[in-house]
Amino acid sequence: MTGLRKLRAVALDCDGVLIDDTYLAMIARFVTDHGGVYDAAAERDVIGLRDIVVADKVTRLCGLDQSAEETLKQLWAARQDYLAEHPIRVADGVRDCLAALAKLPVRLVCYGGRTREHTFDRYLGEFIDLLDPEVPYVSINEHRPGVDHIARTVLGVGFDEIVFVDDVSRVAEDARAHGAGFIGFPSSPAHARQREFMAEYGVRHFAASLPELTPELLAIVDEEARDFDTLASLRTSRTLGAAVKFFSLPRPGAGLVIGERDTPEPGPGEVLVRMRGWAVNARDLMILKGFYPKPVKPDVVPLSDGAGEVVAVGDGVSAWSAGDRVAATYFPDWQSGPGTPEKTANDLAGTLDGVLAEYCVFPSDALVAVPAHLDFAEAATLPSAGVTAWRAVVEEGRVVPGQTVLTMGSGGLSTFALQFAVLGGARVVATSSSDEKLERLRELGAAETINYTTTPEWGAAAAELTGGGADHVVDVGGGGTIGQSMIAARYGGHVSVAGVLTHEGAADPILVLVKQLTLRGLTNASRETFQSMNRAVETTGMRPVIDRRFAFEEVAEAVKHLESGTHLGKVVLESD
């Protein structure tokens, strides 16, 4: 065989394919040693994830009364012990395999979860002459499982032009959902169940050792790739046509109900998205408890904020394709310009179903591309808290270097406002009722902090710290805080009311007149604003502050955690 007609790239996982993997065997032993049950469900739950997420799941599997960070430290110590018994070594037959594949007209690239120095140079550097000279190795630690990152961002090939070789079923699922080729490599005893998992996602080709990974096997995959149709393939796997989970709220205050329904299919002008991350907001608490002042449809699917990947598109959609990473806009009809009653009449999780489902359909123009460096849970924090904070600080506030910004509390919107203000060169004063949280806010860039419990007249304290008042105040408290916010603002300053967490209290509007303040209410923003914010987030590499991650089905626990008020930053859900 001298060539391939469709495939242009072959991506090989380092750990488990080119290097003997020890990670999963170590996890299995750790879980068992700590009283957990390591069965098929546990294996599916922990493989192929970022280290801290694995640690969180292992903590729960073992019933450990400690933080995920502490479990992670123990896992690393356990791995060192395991490596002392089972040293990492290069798999047998690496050079012969790569040499055979290098003769084909394809780009050969290795990938792994860690840095090139840690994973590639240490073990595989002697084989670099057989790999793509421009991109021999790709670290996907921030992009796991990385199918989109490798194919589109790094190599610039179509998904039907690349085949992945991996021992992890999670990557198989992602590759097949994108329409990429996949060869399973469940070679070690620790991965005995992976072949079965991979088959569930439509994987038909496997290699138990590197000698089996031949040009002839790639030719078979190449033949299938030429006729591959993403939507048809997904219908034969576990995606379209299968029952998928969603949550609904029969009526405000009634409690969440989980159910199953057929995977929706996109109509003309619509896009089907597999949701992978969700964020819980204060508004969601109001809706769940029946306190939300605006209309909420019966049996609404809750949560307005989520992110995921495009699975399929309807007729007439050219802006999106399978594999694109997207988030939905809070107001689907608000495309650009100032808000109007018509543009803001429909909102997710209010008059329209929200995103607390495994699969959702959205209008094509109600989605935005999310920053490539964020995972799905991080991206899910952007639609409400991120966009509103951006509008308050940048779009409406027009902060410039040297100005002062006062942020209130440590919730998601406030931490976003702090981050955006710092990026804009502003000096930030942050408030909180917790000295521990204030210390964390200083780490995020706050120049001054005020404990509003020990300093009830925090408005005057902020005015003194800023030499006469802050240029911008981002108020999220509402009735209970607006009076102090006006005191904190400078003469001619701006107060953005971006939330109403409290209703008690009253403020004398005379301060608005005397100090000639600009007082503006903010409720999210347009799709155009969302896109502008995303460009800034991606350019600067900024990451949202996440307090805690929960699984999709742990939404009740996530809501309780948010309601407790102990969080700093965002509370999110994620699905692997």
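## What "buried" means here

A residue counts as buried when its relative accessible area is under 20%, as exposed when it is over 50%, and as partly exposed in between. Keep that in mind for L303: its relative accessible area is 3%, so L303 is buried. One thing to know before going on is that this is a predicted model.

## The whole protein

Let's start with the big picture. The protein has 21 helices and 20 strands. With a radius of gyration of 26 Å, close to the 25 Å that the globule rule gives for 576 residues, the protein is as compact as a globular protein of that length. If you box in the C-alpha atoms along the principal axes, you get roughly 85 × 55 × 45 Å.

How many of the 576 residues count as buried? The share is 55%. As for contacts between residues at least 6 apart in sequence, 69% of them join residues at least 24 apart.

Now for a sheet you can trace by eye. Strands pair through backbone hydrogen bonds, and they can do it parallel or antiparallel. Here five strands make an open sheet with parallel pairing, in the order 3-2-1-4-5. Strand 3 (137–139) and strand 5 (181–184) are the edge strands, each pairing on one side only. On average, neighbouring strands of this sheet are turned by 25 degrees against each other, ignoring direction.

Look at the end of that order, where strand 4 (residues 162–166) and strand 5 run parallel, joined by four bridges. Which residue of strand 5 is the bridge partner of V163? That would be G181.

Helix 7 (residues 147–155) lies across strand 1 (9–13), strand 2 (107–112), strand 3 and strand 4. Relative to strand 4, helix 7 runs at about 140 degrees.

## Two helices that cross

Packed helices are described by two things: the angle between their axes and the distance between those axes. Take helix 14 (residues 382–395) and helix 20 (residues 527–540), whose axes come within 10 Å and cross at roughly 85 degrees. Angles from 65 to 115 degrees count as roughly perpendicular, and helix 14 and helix 20 are therefore roughly perpendicular to each other.

Who does the touching? On helix 14, the contact is made by L382, P383, G386, V387, W390 and E395. Helix 20 brings T529, F530, S532, M533, N534 and A536. Sorted by type, the residues of this contact come out as seven nonpolar, four polar and one charged.

## Two residues in one loop

Between helix 12 (282–289) and strand 9 (305–313) there is a loop that holds D299. L303 has its place in the loop between helix 12 and strand 9 as well. D299 has a positive phi of about 55 degrees although it is not a glycine. For L303, also not a glycine, the positive phi is about 70 degrees.

Is D299 buried or partly exposed? Its relative accessibility is 46%, so D299 counts as partly exposed. L303, with its 3%, is buried.

## A look at E270

Last stop: E270, which is found in strand 8 (residues 270–280). E270 has a relative accessible area of 29% and is partly exposed. Leaving out residues up to four places away in sequence, E270 touches E265, V313, G314, V317, V361, F362, P363 and S364. And how far apart are E270 and I140? They are 130 residues apart in sequence and 30 Å apart in space, going from C-alpha to C-alpha.

How values were computed:
Residues numbered from 1 in each chain as written. Predicted model: local features only at pLDDT ≥ 70, side-chain atom pairs only at ≥ 80, totals over all residues. Heavy atoms only, no water. Pairing = 2+ DSSP bridges. Axes fitted to C-alpha atoms, helices over the stretch in contact; angles between N-to-C directions. Contact = heavy atoms within 4.5 Å. Parallel < 35°, antiparallel > 145°, perpendicular 65-115°, else oblique. Nonpolar A, V, L, I, M, F, W, Y, C, P; charged D, E, K, R; others polar. Rg over C-alpha atoms; globule rule 2.2 N^0.38 Å. Buried < 20%, exposed > 50% of the residue type's maximum accessible area, 1.4 Å probe, protein only.
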